[in-house]
Amino acid sequence: MQINGLQLPGALTRAIAERRWRPPSLDLLRRVFRESPVAVRLYDLEAMRAANLRWLEEKDPAYFGHLDDKKPPGDIDPARSLLLGILGPHMPFALDYRVAGDRPRVLYLHSGGDRWITIAGDVEQLLARLRLDEHPRPH
């Protein structure tokens with residue numbers, strides 16, 4: 001499955017298909033993203049396509065961040081990334097394909113400024129950290 005010419009990782013498409021791609025507890029979100037979510041939304045495939053079509057046309061420089069050698073990457077390239085969801089207004093997180101096209105890292109636009117931070121080395125790590133990597137056990 002591709003969006004904007006970028007291949008979605010299989011682990012993500014499986015999580016979406018198996019209905020595991022949904023917001024976890026606020027505590028888990030706080031731990032992974034290191035701040036409090038406001039209005040969490042993990043995009044389904046349709047919303048992902050729509051959001052990423054707009055992402056390619058984004059002009060506001062505040063969304064692109066700035067290169068940060070001390071805490072890389074700091075910035076993002078809309079043509080080499082895919083938005084996965086938001087934690088609230090102006091709080092997106094995305095796959096970044098610049099380093100490895102087959103295993104994109106997961107970045108988040110930190111609310112403390114226009115700087116993208118790495119929250120997971122790949123989507124499998126994000127799913128594990130958010131505990132979305134396996135089916136919930138029946139009660």
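These notebook entries record what I looked up in the predicted model shown above.

**Entry 1: ground rules**

I worked with a predicted model, in which local features need pLDDT of at least 70 and side-chain atom pairs count only at pLDDT 80 or more, while totals for chains, interfaces and linings use all residues. Residues are numbered from 1 along each chain as its sequence is written, and side-chain values use heavy atoms, with hydrogens and water left out.

**Entry 2: the sheet**

I began with the strands (DSSP runs of E, at least two residues; helices are runs of H or I, at least four residues; both are numbered from the N terminus). Five strands make an open sheet in the order E3-E4-E5-E6-E7, and their pairing is antiparallel. Strand E3 (41–42) and strand E7 (115–120) stand at the edges with a single partner strand each, so one side of each has no neighbour in the sheet. I noted that two strands count as paired if DSSP finds at least two bridges between them. In general, strands of a sheet pair through backbone hydrogen bonds, either parallel or antiparallel.

**Entry 3: strand E5 and its partners**

I next followed strand E5. E4 and E5 pair in the antiparallel sense over five bridges, and Ile 86 stands opposite Pro 92 in E5. The hairpin of E4 and E5 has five residues between the strands, and there His 90 takes a positive phi near 60°. On the other pairing, E5 (residues 92–96) and E6 (residues 105–110) are joined in the antiparallel sense over four bridges. Phe 93 stands opposite Tyr 108 in E6, and Asp 96 has Arg 105 as its bridge partner.

I then checked burial (buried is under 20% relative accessible area, exposed over 50%, partly exposed in between, with a 1.4 Å probe and protein chains only). Five of the five residues of E5 are buried. Pro 92, Ala 94 and Asp 96 point one way, whereas Phe 93 and Leu 95 point the other way.

**Entry 4: Arg 105**

Is Arg 105 buried or exposed? Arg 105, in strand E6, is buried, because its relative accessible area is 19% and the cut-off is under 20%. The side chain of Arg 105 makes a polar contact with that of Asp 96 at 2.7 Å. A polar contact is a pair of N or O atoms within 3.5 Å; within protein, one must be able to donate a hydrogen and the other to accept it, and residues adjacent in sequence count only if both atoms are side-chain atoms.

**Entry 5: Pro 9 and Val 123**

Pro 9 is in the loop between strand E2 (6–7) and helix H1 (10–17) and is buried at 12% relative accessibility. Val 123 belongs to helix H4 (residues 123–129) and is buried at 1%. I looked up contacts (heavy atoms within 4.5 Å), leaving aside residues up to four places away in sequence. Pro 9 touches Leu 95, Tyr 97, Pro 104 and Val 123. Among the contacts of Val 123 are Pro 9, Leu 95 and Pro 104.

**Entry 6: lining of the largest pocket**

Which element gives the most to the lining of the largest pocket? Helix H3 does, with three residues. By class, I recorded nine nonpolar, two polar and two charged lining residues. Here Ala, Val, Leu, Ile, Met, Phe, Trp, Tyr, Cys and Pro count as nonpolar, Asp, Glu, Lys and Arg as charged, and the others, Gly among them, as polar.
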